[in-house]
Amino acid sequence: MFVMELTYTAPLESVEEQMDAHIAWLDGYYAAGVFLASGRKVPRDGGVILAGGVSRAEIERIAAEDPFAVADVCAYSITEFIATKTSADLSTVRENPIT
């Protein structure tokens with residue numbers, strides 16, 4: 001599973017210009033079952049996406065496709081983790097670590 005943290009690198013006005021395209025990009029990956037949750041950070045200097053079911057290389061490719069990244073209004077930090085405990089709603093993405 002991945003925590004995709006994005007930080008705005010441009011003024012909020014520039015980010016807002018890309019918002020409709022960013023939301024359409026999000027919707028596509030929600031429909032594909034890759035994105036599990038997303039939203040703005042507080043204070044509003046970026047956002048967070050929780051994703052799963054793909055490889056590290058794939059999630060990096062997905063992040064690079066974000067219209068925010070294409071327009072160079074954000075930078076991504078991606079953290080991979082093993083979700084060994086989840087709520088019942090997220091049980092399908094729970095993982096058993098290899099020891």
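I took a salt bridge to be a side-chain nitrogen of Lys or Arg within 4 Å of a carboxyl oxygen of Asp or Glu. The model is predicted, so I kept in mind that local features need pLDDT of at least 70, that side-chain atom pairs count only at pLDDT 80 or more, and that totals for chains, interfaces and linings use all residues. Residues are numbered from 1 along each chain as its sequence is written, and side-chain values use heavy atoms, with hydrogens and water left out.

Entry 1

Entry 2. I looked up E58 and found a salt bridge with R61, with 2.4 Å between the closest N and O atoms. Both residues belong to helix α3 (residues 56-65), three residues apart, about one turn of the helix. Helices (H or I, at least four residues) and strands (E, at least two) are DSSP runs, numbered from the N terminus. I noted E58 as partly exposed at 28% relative accessibility, and R61 as partly exposed at 36%. Here buried means under 20% relative accessible area, exposed over 50%, and partly exposed in between (1.4 Å probe, protein chains only).

Entry 3. I then turned to E5, which forms a salt bridge with K41, the closest N and O atoms lying 3.0 Å apart. This pair links distant parts of the chain: E5 is in strand β1 (residues 2-8), and K41, 36 residues away, is in the loop between β2 (35-40) and β3 (46-51). K41 is buried at 16% relative accessibility, whereas E5 is partly exposed at 32%.

Entry 4. I found that D45 also forms a salt bridge with K41, at 3.6 Å between the closest N and O atoms. D45 is partly exposed, at 37% relative accessibility.
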